[in-house]
Structure formats: structure tokens, C-alpha cells
Amino acid sequence: MIIFGHSGRNSSGIDTALYAKKRGIFVVAVTSKNNLDKPATHSSGKRLADAADLVIDTCSPIEDAVVPIEGWSRPVSGSSTVLAMIMAHELLARTAEQLSKRGIELPVFASPTIAGVTLHDTDVIYGVYRERMIEAQKKHLPAFQATMRGE
């Protein structure tokens with residue numbers, strides 16, 4: 001599971017990471033390590049980076065904004081969202097590369113602005129992924145329910 005959080009102090013991200021780890025899910029945090037010197041405010045005493053198995057550092061500054069404006073006391077234009085999206089696409093590309101090395105090709109969305117690609121093509125791919133999600137739910141539901149019962 002990949003969880004994004006610039007400061008790593010948002011309780012929803014930390015709660016999600018703790019919940020996932022408790023259930024054996026590998027957690028990746030995409031956050032700025034520049035915020036690690038700030039004290040944790042979550043009831044667990046953890047920050048997102050503390051609750052993850054792997055941390056990918058955006059290197060975004062604490063204030064997040066990166067564009068100085070003459071005459072203004074603070075910069076504007078946050079960097080964390082843009083950096084997180086770049087990293088998300090990099091993870092996607094690297095995952096696809098590793099799958100390819102194993103002989104696995106997943107259906108990929110193509111823009112309907114490309115000649116020959118239609119909205120129907122998008123619907124077909126959504127259908128493929130929907131079926132895979134249903135299969136995964138059927139496969140893992142009993143184990144998940146047992147975990148939720150504390151077994």
C-alpha cells in the first residue's frame with residue numbers, strides 16, 4: 001500500500017498505515033523527510049514515516065511552497081503534490097518493468113485522443129480490472145473476515 005503525506009503527521013495516513021501493517025500489508029510512505037524533526041502528534045506517537053516499511057522521500061521543503069515572490073514574506077506554489085505524482089508514475093513504470101521481466105502484461109489505458117482508441121476501449125479495460133478485483137475479493141475475503149474477528 002502506498003500512502004502519500006507531505007508532513008507525515010496527518011492522522012488519516014498514519015491510521016491507514018497502522019491498520020494495513022497490522023494486517024500484514026507492506027506499507028510505503030511517500031513523504032518529506034524534512035518534516036521528521038517535527039514532533040509526532042498522532043495518538044500512537046508515530047509519524048507516517050515511522051509507521052511505514054519503506055519511506056520514499058520527496059525532499060519537499062517543510063513549508064512545501066517553493067516559489068519566492070518579491071515583496072512577500074513567504075513563498076507560494078506547493079511542491080509536494082507535484083513531486084508525489086512524479087514518484088507515483090515512476091513507481092508505476094518500474095512496477096510495469098518488473099512485471100514485463102516476468103512475462104506479465106497488464107491492460108493499459110490509452111487516451112481516446114489517440115487515433116483508433118475509443119471510449120469503449122477504456123470500458124473494456126475497466127471491465128478487466130473489475131473482474132480481477134472481484135476474483136481477488138472472493139479469494140481473500142475469508143482470511144480477511146477471520147482477521148477482523150481476531151482469529
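How do the residues lining the second largest pocket divide into nonpolar, polar and charged? They come out as six nonpolar, one polar and one charged (Ala, Val, Leu, Ile, Met, Phe, Trp, Tyr, Cys and Pro count as nonpolar, Asp, Glu, Lys and Arg as charged, and the others, Gly among them, as polar). This is a predicted model, where local features need pLDDT of at least 70 and side-chain atom pairs count only at pLDDT 80 or more, while totals for chains, interfaces and linings use all residues. Residues are numbered from 1 along each chain as its sequence is written, and side-chain values use heavy atoms, with hydrogens and water left out.

**View 1. Here is the second largest pocket, with about 160 Å³ of space.** Its lining is Met1, Tyr19, Ala20, Arg23, Ile25, Ala143, Phe144 and Thr147. Helix H1 (11-22) and helix H4 (119-148) each give two or more of these residues, and H4 has the largest share, three. (Helices are DSSP runs of H or I, at least four residues, numbered from the N terminus.)

**View 2. Now for the largest pocket, about 350 Å³ in volume.** Helix H3 (residues 80-101) gives the most to this lining, five residues. Among the lining residues are Leu92, Ile104, Glu105 and Tyr129. By class, the count is eight nonpolar, two polar and one charged. (On a 1 Å grid over the protein atoms alone, a pocket is an open set of points where a 1.4 Å probe fits, with protein on both sides within 12 Å along at least five of seven lines; lining residues have an atom within 4 Å of a point. A volume is the space filled by probe spheres set on the points.)

**View 3. Follow H4 to its bend of about 50° at His140.** Pro142 follows within four residues. (The bend is the angle between axes fitted to the seven residues ending there and the seven starting there.) After H4 comes Gly150, with a positive phi near 85°.
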